[in-house]
Amino acid sequence: MIVMSLEALNERVYTDLSYLAYGGPNWVRPRRHPEGHVYDVVIVGGGQSGLGIAFGLLRERVSNILVIDENPEGLEGPWETYARMRTLRTPKHLTSIDLGIPSLTFRSWWEARFGPAGWESLDKIPRGEWMNYLRWYREVLKLPVLNETKLKLIEPEAGEGLHRLHVEGNGAPSTPLLARKVVLATGIQGGGEWHVPPLIQDRLPSRLYAHTSGPLEIESLKGRKIAILGGGASAFDNANFALSAGAAEVHVFVRRKELPRINPIRQMEGSGMIERFPSLADAEKYAVMAHFFKHNQPPTNDTYDRAASWPGFRLHLGSPWLDVEEKGGQASVTTPQGRFDFDFLIVSTGLLTDPGLRPELKLVESRIARWGDRYEAPKEIASPVLDAHPYLTPGFAFTSRDEEGESLLHGLFAFNYGAMISCGLSASALSGMKYAIPKIVSAVADQLFLDDKEDILDDYYNYADIEFTGEWPKAKIRS
């Protein structure tokens, strides 16, 4: 068995890219501004989406770009912060941010370390190894990422086609960044905010609960009785995390009388739904996503089996929380099945999507069209949750509620969970990125081209460089 080293794989990547003429001259016309350098594209978020989009733009010879991420280098995305599953839920064979380059796939990286037999024996991708792959991907492609730089506010410069990005953090420059295009590759929480029901948030001190997106100190879980609200995949991930950390008991409370058993993503992956979703009519898009939200994503079988095998695990079906109060330093939870007292609560209730919840969009969110502005759903599937999602173009660009807002929103793109109703799961599921990233890259590049088309066409019509120098009759060459 021949095992390729990572050094050899790196050389293979560079060779593959050279055959594709990767890294050619930038074609976008430079823009100047008295305040400093103007980036053609700034990508907010250095996780898998942001890195993939950066690579896609570089392939299109759009090289005046920058990726910013609020986290320290190597900790971008959820994989080593709040994600607590052992493995990814996506089948290992699905490709994503390699963008069709075999040497950039996770499989190539894995086989370079463990050989083909190691790949064959792998069931699902370990969460930590996926993060290691992303670190390698960023390094081998030499992607321009500025870490510890948090976007605070997007300020459009009216009439100039520019956006001033106010940033902060240890890695941030002292002055705002200037960008023609801004891509919000901000992942699962980037379209809104994590949701903690008022029943908990308004009734309990913060020391008694945490959302699954927040930090959980292992030491604080040992020997304690813990309740988890929610029946989705992350609820069982966190149950396993708490029990492996030494929790005495973990009770998972689910509103439904039966756990969800169907995972619509599996059907969508093989039916053409993910890659062709933008071609559906609005009524069809809305109905598809209403159906998806109805089923949600169940835990994987191995995650559930592992949780159920713990002696301290308890599952309460048909048990919505009716009341929560602090009692004797504990959280007292009332359900239709009775009252329970816990040392700590873990809230696995997902997130709310609405541009109005994003502080960086404060100056423009009132202009952003929502689905509720553009489509009136039938009563049987209408949902304020779906209606609050931004109404995006097939290329992930924000659209405006009115003509006045069009210039303010021009150049702003949402490649995060806010895109679900408009563009499907392509920006929110790993299995959709191989289709979605080329779409947004093309949309951004097209917009850059069209913004400057008058000058580009003028250059074309005035182009007069002589290439052919032949003459007839051809002069005789004397011997």
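Trainee: Leaving aside its neighbours within four places in sequence, which residues is Glu 249 in contact with?
Mentor: Arg 224, Lys 225, Ile 226, Leu 243 and Gly 312, where contact means heavy atoms within 4.5 Å. Before we go on, this is a predicted model: local features need pLDDT of at least 70, side-chain atom pairs count only at pLDDT 80 or more, and totals for chains, interfaces and linings use all residues. Residues are numbered from 1 along each chain as its sequence is written, and side-chain values use heavy atoms, with hydrogens and water left out.

Trainee: Where is Glu 249 placed?
Mentor: Glu 249 is in strand S10. Strands (E, at least two residues) and helices (H or I, at least four) are DSSP runs, numbered from the N terminus.

Trainee: And is Glu 249 buried or partly exposed?
Mentor: Partly exposed, because its relative accessible area is 26%. The cut-offs are under 20% for buried and over 50% for exposed, with partly exposed in between (1.4 Å probe, protein chains only).

Trainee: OK, Arg 256 next. Where does Arg 256 lie?
Mentor: In the loop between strand S10 (249-253) and helix H8 (264-271). Arg 256 has a relative accessible area of 28%, so this one is partly exposed. Leaving aside neighbours within four places in sequence, Arg 256 is in contact with Phe 293, Lys 294, His 295, Asn 296, Leu 317 and Gly 318.

Trainee: Switching to helices. At what angle do the axes of H2 and H4 cross?
Mentor: Roughly 25 degrees, and the axes of H2 (residues 48-59) and H4 (residues 127-141) come within 11 Å. Axes here are lines fitted to C-alpha atoms, for helices over the stretch in contact, and angles run from 0 to 180 degrees between N-to-C directions. That makes H2 roughly parallel to H4; angles under 35 degrees count as roughly parallel, over 145 as roughly antiparallel, 65 to 115 as roughly perpendicular and the rest as oblique.

Trainee: Which residues make that contact of H2 and H4?
Mentor: From H2, Gln 48, Leu 51, Gly 52 and Phe 55; from H4, Trp 130, Leu 134, Tyr 137, Arg 138 and Leu 141. They divide into six nonpolar, two polar and one charged. Ala, Val, Leu, Ile, Met, Phe, Trp, Tyr, Cys and Pro count as nonpolar, Asp, Glu, Lys and Arg as charged, and the others, Gly among them, as polar.

Trainee: What about H3 and H4, how do they cross?
Mentor: The axes of H3 (residues 106-121) and H4 come within 10 Å and cross at roughly 100 degrees, and H3 and H4 are therefore roughly perpendicular to each other. Phe 106, Trp 109, Trp 110 and Arg 113 in H3 meet Glu 129, Trp 130, Asn 132, Tyr 133 and Trp 136 in H4.

Trainee: Last topic, the core. Which members of the largest nonpolar core touch the most other members?
Mentor: Ile 53, Tyr 137 and Val 183, out of 82 residues. Such a core is a set of buried Ala, Val, Leu, Ile, Met, Phe, Trp, Tyr and Cys residues joined through side-chain atoms within 4.5 Å. Helix H16 (residues 433-451) gives the largest share of this core, nine residues.
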